[in-house]
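Here is a short tour for anyone who likes to look at how a ligand is held. Have the viewer open and follow along.

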Amino acid sequence: MVSDCLFCKIIAGEIPATIRYEDSQLVVFEDIDPQAPEHLLIVPKKHIMTTLDLTSADNELVGHIYQIAGKMARDFGFAEDGFRVVNNCNDAGGQMVWHLHFHLLGGRDMTWPPG
Ligand code: AMP
Ligand code: ZN
């Protein structure tokens, strides 16, 4: 728990969020500014700042995150239509919250290239 980290505070229950799934390793909650009909954030409970801070010790965690992304898409009914998993890293990548997270977007057609 990092005391000045927004997502650590959500994980600790100190800031409210609409939690859609939780297990020992991660929490999934709704993005406060949704960019699609379904916009979930998949957030490891461990405070890792960015993708660049991942180590081999986190390999199982990242695999689990992707497995849960698929589970969420199936459970909430947008797997068949299709969806997108996005990780923004550092300033040019559009990262705003410095606690690793993966956006799971679904419920509409996505465009390419992304903005
Ligand atoms: P990123 O730009 O990849 O760091 O994504 C951060 C995301 O966190 C943005 O999509 C924000 O809308 C979202 N966000 C910021 N504050 C909250 C909050 N209190 N609850 C849920 N999502 C949030
Ligand atoms: Zn954190």
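The report below turns to the ligand and its surroundings, and then to the salt bridges.

Please keep in mind that this is a predicted model. Ligand 1 sits in the largest pocket, with 16 residues around it. Asp31, Gly94, Met96, His101 and His103 are the closest of these. Sorted by class, the shell around ligand 1 contains 8 nonpolar, 5 polar and 3 charged residues.

Which elements each supply at least two residues of this shell? They are helix H1, residues 6–11, and strand E2, residues 26–30. Helix H1 gives the most, with 3 residues.

| Residue | Polar atom in the residue | Distance to an oxygen atom of ligand 1 |
|---|---|---|
| Asp31 | side chain | 2.5 Å |
| His101 | side chain | 2.8 Å |
| Val97 | backbone | 2.9 Å |

On its own, ligand 1 has 510 Å² of accessible area, and the protein covers 83% of that.

Now for the salt bridges. The structure has 5 of them, including one in which the side chains of Arg20 and Glu30 meet, at 2.7 Å from N to O. Where in the chain do the partners Arg20 and Glu30 lie? Arg20 belongs to strand E1, residues 19–22, while Glu30 is in strand E2; the pair is 10 residues apart and links distant parts of the chain.

Key
Residues are numbered from 1 along each chain as its sequence is written. Chains are lettered from A and ligands numbered from 1 in the order in which they are written. This is a predicted model: local features need pLDDT of at least 70, side-chain atom pairs count only at pLDDT 80 or more; totals for chains, interfaces and linings use all residues. Side-chain values use heavy atoms; hydrogens and water are left out. A residue is near a molecule or strand if one of its heavy atoms lies within 4 Å of it. A polar contact is a pair of N or O atoms within 3.5 Å; within protein, one must be able to donate a hydrogen and the other to accept it, and residues adjacent in sequence count only if both atoms are side-chain atoms. Accessible areas come from the Shrake-Rupley method with a 1.4 Å probe; for residues, only the protein chains shown count as cover. On a 1 Å grid over the protein atoms alone, a cavity is a set of points where a 1.4 Å probe fits but cannot get out, and a pocket is an open set with protein on both sides within 12 Å along at least five of seven lines; lining residues have an atom within 4 Å of a point. A molecule sits in a cavity or pocket if more than half of its atoms lie within 2 Å of its grid points. Helices (H or I, at least four residues) and strands (E, at least two) are DSSP runs, numbered from the N terminus. Ala, Val, Leu, Ile, Met, Phe, Trp, Tyr, Cys and Pro count as nonpolar, Asp, Glu, Lys and Arg as charged, and the others, Gly among them, as polar. A salt bridge is a side-chain nitrogen of Lys or Arg within 4 Å of a carboxyl oxygen of Asp or Glu.
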